[in-house]
Amino acid sequence: MTSRPHPSLSPTEHRKTERPSLTERRKAETEREIARHAAELFSEHGAAGVTAEGIARATGVSLRTFYRYFRTKEEAVAPLLTGGVRQWLADLAAAPAELSVAQALEHAVRAALTPDGPYADLQAEALESTRGLLRAVPGDPALRSVWLRVHAETEEALVPVLTQLAREGTDPLELRLTAAAANAAMRIAMETWATTEAEPDDPEQGPAALAVRCLRGLTTGLRTPRA
């Protein structure tokens, strides 16, 4: 994550550009810690072997605190997933002006899914946590519901970002189709990578490589010229 404002997953958050307060930052940090431990437990024990009590205990918070943040054990993993989404949208919104929309999407995908720079270790850790979590998803409908809901929200959030990148007057249907295609590319790539043992930075089978391959396959023929 960076300090610049991030596009958000909800209309209310999308309007917030001010720096979060100390209370908000502490709340976000607690949410991320709960999410990290929840993902680890789901990865190690499967959905059926994890309880809200276990997640709270692993995080070092009371069960009451856990339920103040999340309604169910499955909901606890959402911050792990949405944090990466916000970074992806931020990278897309800040794509260099000389890139086409298709190139900007690939640029943002590679930045989001390739561990690199001073935070490469943390990025790789987050990707591995997501991989472990995704391996537990097929066995739990509620966990899969969270995963699919995050992607539904991502698709919605992509539309205004793409609208800003694309030339004025671009067909709204083309923008919706591009958002749906880009979102599906990320989802399919991550789900596919989760079934493998490929390293996060693998140039052919890593999540970034798979996502770019999916993007190219799904966006061919779409007409979204850059502004």
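Guide: Arg216 counts as partly exposed, because its relative accessibility is 48%, in a model that is predicted rather than experimental. The side chain of Arg216 meets that of Glu106 in a salt bridge, with 2.8 Å from N to O. Arg216 belongs to helix H10 (residues 207-219) and Glu106 to helix H6 (residues 101-113), so this pair ties together parts that are 110 residues apart in sequence. Glu106, at 17% relative accessibility, counts as buried, since the cut-off for that class is under 20%.

Salt bridges that share partners also join Arg71, Glu75, Arg149 and Glu153 into one network. The structure holds 13 salt bridges in total.

Lys27 and Glu31 are both part of helix H2 (residues 22-45), where they sit four residues apart, about one turn of the helix. Their side chains form a salt bridge of 2.8 Å, N to O. Glu31 is buried, its relative accessible area being 19%, whereas Lys27 is partly exposed at 41%.

Helix H2 also contains Glu33 and Arg36, which are three residues apart and therefore separated by about one helical turn. These two residues form a salt bridge in which the closest N and O atoms are 2.9 Å apart. Both partners are partly exposed: Arg36 has a relative accessibility of 27%, and Glu33 has a relative accessible area of 26%.

Conventions
Residues numbered from 1 in each chain as written. Predicted model: local features only at pLDDT ≥ 70, side-chain atom pairs only at ≥ 80, totals over all residues. Heavy atoms only, no water. Salt bridge = Lys/Arg side-chain N within 4 Å of Asp/Glu carboxyl O. Helix = DSSP H or I, 4+ residues; strand = E, 2+ residues; numbered from the N terminus. Buried < 20%, exposed > 50% of the residue type's maximum accessible area, 1.4 Å probe, protein only.
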